[in-house]
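Please open the model in your viewer and keep the selection tool at hand.

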Amino acid sequence: MGTMQVAALWTDGRTCPIGLDTSAPVFGWSFAAPAGEPLRLTAYRIVVASSEEALRDDAPDMWDSGIVEGGRHTSVRYEGAALRPRRRYVWRVTVWDDRGGASDSEIAWWETGQLSAAEWAGRWIGDPAAGAEGRPMPLFRREFRVQGELRQARVYISGLGHYELRLNGYRVGDYELDAGWTDYDKTVLYTVYDVTDFVQQGDNAAGVLLGNGFYHVTGGRYTKFKDSYGTPRCLVDIALEYADGTVERIGSDRTWTTSAGPLTFSCIYGGEDYDARLEQEGWDRPGFAEDARWVEAAEVEPPAGMLVAQSAPPVKVKRKFDPLRWTQPKPGVFVADLGQNFSGWPSIAVSGPKGSVVKLTPAELLKEDGTANQRWSGAPYELRYTLRGEGVERWRPKFTYYGFSYVQVEGAVPAGALDDGSAGKPTLHELEGQMIYPDTPVAGGFRCSDDMLNRIHEIINWAILSNMKSVFTDCPHREKLGWLEQVHLMGPSMMFNYDIEALLGKVLDDIADAQLPNGMVPTTAPEYVVFQEPWHIFRDSASWGGAFILTAWEMMQRYGNSAMLSRHYEGMKRYLEYLHGQSKGYILQEGLGDWYDIGPKGPGFAQNTPVPLVETAMFYGLAMAMRSIANLLGKAEDAGTFERLGGSIREAFQAEFFDAAASTYGGGSDAAQAMPLVVGLVPEEYRDSVLQRLVDNIEGRGDQTTSGDVGHRYVLLALTQGGRSDLVYRMTRITDRPSYGYQIVHGATTLTEAWDGPTVGNSQNHLMLGHLEEWLYSGLAGLDYRYRPETGRFAVTIKPNVVGDVAWAEAWSDIRAGRASVRWERLGGRRLSVAVEIPGNADAIVHIPAEKADDVRFEGAAIELLHVADGYAVFRTGSGAASFECTLPHAERQPAEKGVRHDQR
């Protein structure tokens, strides 16, 4: 019999992070796939030291947690000696299991960042000519000498808006659009690089390029807004640690020099221009001879925000696309079709006469004449490259990005294209689309026998990745803003697929920075655009601001992360108090409601459901979530306050919106029926009839819902919890009306902003309606999980929904305990096989469709039949693999889940 083995280890939700600005990181670990009998964690011991030698000698000099009993393996807070800046600390955990076994993990580590502003060796520097008309973006350089054996070298850098770091002629790292964007008056992020392999004995040179980003939106082409926190600037700290223990620090100051660079236009919204004739060969190498263009860097005022090490995963180039085809809609105009809508930029290889200009226009759609159409994505957005005229030149933008499927090329002829009389123009040898998104681990997967469902899964994920950057954007072109409703409504869908714990932590910090003194949480964070009257409705909506509470709560349930609840508790409490103050008789009167629902007026403002109903249902859900959070944190008095508030909201909601005779809420739209069901506002005796009205609504339209951005998730949850996954499945069959299938048959390669986006227009790359993804995992495949703080363990739920013509479905998820998976398959007749895998230290409840226990055969360790009811045989099992074979009940419909409410999920 084996012992429980530790697999992955996390520090603040990351694996061996470099640069943590926290005095008390939190630790967590997962378990290797169990073999044999199920194993549960009974105790752990964490040891932290300043060297691996100390750990190997079992002499931890920083912290020894002692043996801590229980099943907890997430969010264990460091309680050791004070951490020092710019230091590496190592840790490991010893685990004991319920079979008496014990085992040590591998050694993990983290490095602290600067920890305080006083630790920086450098000062903020900028271009003394910044702001001059037509001034290109600046370059900065500094030479330094290394004498002696180096142990390690680090660079700590913040460049605003974005930067590229270079050492000895090479780019350092592969991070894009770094550092992440924030409200720079509150928070400024910096990054830490290990540059030991870049630094050489003798002379060295460091170089920095700057771009405007969101820090300095200049206008000049398309902009969503035009504003500035100041002109671009940077802060650099180079730390050289020698073998003898001495440390040399080279900070940015007036000893650095600066010059205008080749980047002549930089706008996060409008594009980028680059003039290769202005390049200065060798400027980022030692020995470069500076001329009159190079002057002393100016020391400038630091930004107002607090300097904090970037904790979210860096954005990188993650995928690349070659053109599927070229067209030439007009003389001298060529269009590349990349076959996929994504966010990023085009990269080109071109040759031609010096001073020639190649213009690139990315677009999601084409006009009737075959040229680029930026009508709904922000125009004009252009990329211009001026050739230096030396061989094949390669270029792509650095500090801007766009969402697109097509690239229109003017000023160059693609290699192999017919000569149209444009002799002497540059030749375009290559064009490649480069997709960027954060370097987040893939944490799950879904497949089934149904091609339509697989395709829906794909387009939702393309939209998620396209809009996952430093924030979760609504779209990657027109706005690029962090609209918050999608963070909580799409949160589970994203968490099933990707490990976004660290990124969500950054989003919560953005929300905290955006919160107003009166407690209001605006609809976007960072709040770059402040909507004033008469458009204040776009700034204040509980369905958007509620992301502050619901995202933190979801992180606890999905990752076992209670640290975010503690960190933001007071802010979340202030937001709920703000909503209470705004309500009239516990009813919220204003907000955006069920935005982008399907109605006669086209997509936009809510048409089918009263806005106060949606906002007040959300208000109630937030109160119940805060009750649970307060209880978890031991704040009993607050929990009682939130419970009473919820009771008052519930009473007012019923009086205002419920028609008991008709079993309808607020006129009976899909969203109006679904939201009260899911958040727990419907009296038990009316739940079946309220659900039936929802079903009748959808079936009466030929299995189509009219719900929008907010209501759709609740419609899917209400149907799933009510045992009507058969109807959810039929809803996915629609292709002739606004729906997921409609988007696919009309050419969408990502999820669109509107249900009928490919034909109605607007953004062709939005993630806000992708809620079906949650159902594909937890509804159809039947895999779900929750962290149980009372035990410290994860509880996995397996409940296949065998619907329609789906012959098999499978899903897996790397939860914080390890990998959980399910695969079910029809065997012919009414036989069904179900195979499950449960990670170590987790428990599972497995629901197998069956009318009686004798209809189920099973194999696996420690499987216990609990009961048979409502068409399922329900089993309890622990970690390990198990298989089941059953005879399906005659009825395809699934019974309702009893007693499930949104605030408990």
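Select Asp 870 to begin: with a relative accessible area of 44%, Asp 870 is partly exposed, where buried means under 20% relative accessible area, exposed over 50% and partly exposed in between, computed with a 1.4 Å probe on protein chains only. Asp 870 sits in the loop that joins strand S47 (864-869) to strand S48 (872-877), helices (H or I, at least four residues) and strands (E, at least two) being DSSP runs numbered from the N terminus. Its phi is near 55 degrees, a positive value in a residue other than glycine.

This is a predicted model, in which local features need pLDDT of at least 70 and side-chain atom pairs count only at pLDDT 80 or more, while totals for chains, interfaces and linings use all residues. Residues are numbered from 1 along each chain as its sequence is written, and side-chain values use heavy atoms, with hydrogens and water left out.

Asp 703 is buried, with a relative accessible area of 16%. Most residues other than glycine have a negative phi, and most peptide bonds are trans.

The bond from Leu 160 to Gly 161 is cis, with omega near -5 degrees, and Gly 161 lies in the loop between strand S13 (150-160) and strand S14 (162-167). The bond from Ala 525 to Pro 526 is cis as well, with omega near -5 degrees, and Pro 526 belongs to the loop between helix H5 (501-514) and helix H6 (542-545).

The axes of H12 (residues 687-700) and H13 (residues 711-721) come within 11 Å and cross at roughly 115 degrees; axes are lines fitted to C-alpha atoms, for helices over the stretch in contact, and angles run from 0 to 180 degrees between N-to-C directions. Leu 691, Leu 694, Val 695 and Ile 698 of H12 make the contact with Val 715, Ala 718 and Leu 719 of H13, contact meaning heavy atoms within 4.5 Å.

For another pair, select H8 (residues 563-582) and H10 (residues 636-657), whose axes come within 12 Å and cross at roughly 30 degrees. That angle makes H8 roughly parallel to H10, given that angles under 35 degrees count as roughly parallel, over 145 as roughly antiparallel, 65 to 115 as roughly perpendicular and the rest as oblique. On H8, select Tyr 569, Lys 573, Leu 576 and His 580, which meet Asp 638, Phe 642 and Leu 645 of H10.

Finally, colour the cysteines: how many disulfides does the structure hold? The structure holds zero, a disulfide being a pair of cysteine sulfur atoms within 2.5 Å. The sulfur of Cys 448 is 18 Å from the closest cysteine sulfur, that of Cys 886, which is too far for a bond. Cys 448 is buried at a relative accessible area of 3%, and Cys 886 also counts as buried, at 0% relative accessibility.
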